Amino acid sequence: MWKEENNRLKKEFIFKDFSEAFGFMTRVAITAEKMDHHPLWTNVYNKVSFELSTHDAGDTVTEKDHQLAKAIDKLF
């Protein structure tokens with residue numbers, strides 16, 4: 001479940017290992033590029049964390065963020 005906090009949509013995904021996490025990040029990168037909406041994310045071993053906001057809208061959560069969040073969930 002995505003959590004809205006401090007003008008960001010946040011969620012962490014956990015995988016079996018680094019390779020699975022990295023593969024997921026690759027799929028997200030391709031989708032984000034097509035949407036022209038790029039996430040703030042971190043990866044440590046098997047965990048990928050996201051903080052989504054729209055920079056052009058003053059770093060607030062917009063419909064673009066909700067759309068990307070839905071796309072990320074589908075890729076998971």
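**View 1. Strands β3 and β4 pair in the antiparallel sense over five bridges.** Two strands count as paired if DSSP finds at least two bridges between them. Helices (H or I, at least four residues) and strands (E, at least two) are DSSP runs, numbered from the N terminus. The model is predicted: local features need pLDDT of at least 70, side-chain atom pairs count only at pLDDT 80 or more, and totals for chains, interfaces and linings use all residues. Residues are numbered from 1 along each chain as its sequence is written, and side-chain values use heavy atoms, with hydrogens and water left out. The two strands form a hairpin with two residues between them. V44 stands opposite K47 of β4. Y45, in the loop between β3 (40–44) and β4, has a positive phi near 50° although the residue is not a glycine.

**View 2. F18, F22, V44 and Y45 make a nonpolar surface patch of about 440 Å².** Accessible areas come from the Shrake-Rupley method with a 1.4 Å probe, and for residues only the protein chains shown count as cover. F22 belongs to helix α1 and is partly exposed, because its relative accessibility is 47%. Buried means under 20% relative accessible area, exposed over 50%, and partly exposed in between (1.4 Å probe, protein chains only).

**View 3. The largest nonpolar core holds 16 residues.** A nonpolar core is a set of buried Ala, Val, Leu, Ile, Met, Phe, Trp, Tyr and Cys residues joined through side-chain atoms within 4.5 Å. W2, F13, F24, V48, F50, L52 and I72 touch the most other members. Two or more residues each come from β2 (8–14), α1 (18–35), β4 (47–52) and α2 (63–75); α1 gives the most, with five. Leaving aside neighbours within four places in sequence, F50 is in contact (heavy atoms within 4.5 Å) with W2, L9, K10, K11, F13, F24, V28, P39, L40, W41 and I72.

**View 4. N6 and H55 are loop residues.** N6 lies between β1 (3–5) and β2, and its phi is positive, about 55°, although N6 is not a glycine. N6 counts as exposed because its relative accessibility is 64%. H55 lies between β4 and α2 and is also exposed, at 55%. H55 and H37 are 18 residues apart in sequence and 9.4 Å apart in space, C-alpha to C-alpha.

Methods
Patches are made of residues with over 30% relative accessible area and no salt bridge: like charges are joined within 9 Å, nonpolar side chains (Val, Leu, Ile, Met, Phe, Trp, Tyr) within 5 Å. A salt bridge is a side-chain nitrogen of Lys or Arg within 4 Å of a carboxyl oxygen of Asp or Glu.
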